[in-house]
Amino acid sequence: AGMRLDLPLPLDHTKLVSATPVEPLTSHPVSQVYVCKFPSCSRSYVSTDGVRKHCRKHHPQWLAKLDEQAKESRTHNRSELYCYSRLLTAEEAEAIQRDEPRKRPRTVGLTPTDLNR
């Protein structure tokens, strides 16, 4: 007759919720920060992406010029143009770990309805 397909049963979302607490993703110690190179700006971030986002918002014309220079000179590591890395002192690293806002644990398997309860 016809070909039979075995389809999976519908998912029961209530069985996917884990009772085990999830470790926050920010548990790794921060040992260095990346500092914006814009004149008179000393904002620092834990990643080069953070500095780039900052520059796009606060120094867009300066960043655009740097991007043009990078294209012309075929710079491989563009982040070196707009930020530099700085090692943290032990006190600074402890303060960041203590004060850093924790990310919410992932809610794998929850539906939007479950989150609104």
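1. Axes here are lines fitted to C-alpha atoms, for helices over the stretch in contact, with angles from 0 to 180 degrees between N-to-C directions. Helices (H or I, at least four residues) and strands (E, at least two) are DSSP runs, numbered from the N terminus.

2. A caution on the source: this is a predicted model, in which local features need pLDDT of at least 70, side-chain atom pairs count only at pLDDT 80 or more, and totals for chains, interfaces and linings use all residues. Numbering runs from 1 along each chain as its sequence is written, and side-chain values use heavy atoms, with hydrogens and water left out.

3. Which residues make the contact between α1 and α2? From α1 come R52, C55, R56, K57 and H58; from α2 come P60, W62, L63 and D67. Contact means heavy atoms within 4.5 Å. By class, the contact has four nonpolar, one polar and four charged residues. Nonpolar covers Ala, Val, Leu, Ile, Met, Phe, Trp, Tyr, Cys and Pro; charged covers Asp, Glu, Lys and Arg; the others, Gly among them, are polar.

4. The largest nonpolar core has ten residues: Y34, C36, C41, V51, C55, W62, L63, L66, Y82 and C83. Such a core is a set of buried Ala, Val, Leu, Ile, Met, Phe, Trp, Tyr and Cys residues joined through side-chain atoms within 4.5 Å. Buried means under 20% relative accessible area, exposed over 50%, and partly exposed in between (1.4 Å probe, protein chains only). β1 (32–36), α1 (48–58) and α2 (60–73) each supply at least two residues of this core. α2 gives the most, with three.

5. C55 belongs to this core. Leaving aside neighbours within four places in sequence, C55 is in contact with C36, P60, W62, L63 and Y82. A second, separate core has five residues, including V30, V33, L88 and A93.

6. H54 touches C36, C41, R43, Y45 and H59, not counting residues up to four places away in sequence.

7. The sheet is open, with three strands in the order β2-β1-β3 and antiparallel pairing. β2 and β3 stand at the edges, each with a single partner strand, so one side of each lacks a neighbour in the sheet. α1 packs on this sheet and touches β1, β2 and β3; its direction makes about 20° with that of β1.

8. Strands pair if DSSP finds at least two bridges between them. β1 and β3 (residues 83–87) pair over five bridges. There, Q32 has L87 as its bridge partner. β1 and β2 pair over two bridges. Y34 stands opposite Y45 in β2. Four of the five residues of β1 are buried, so β1 is largely enclosed by the rest of the structure.

9. S40 deserves a look. This residue sits in the loop between β1 and β2 (44–45). Phi of S40 is near 65°, a positive value in a residue other than glycine. Most residues other than glycine have a negative phi. S40 is exposed, with a relative accessible area of 82%.
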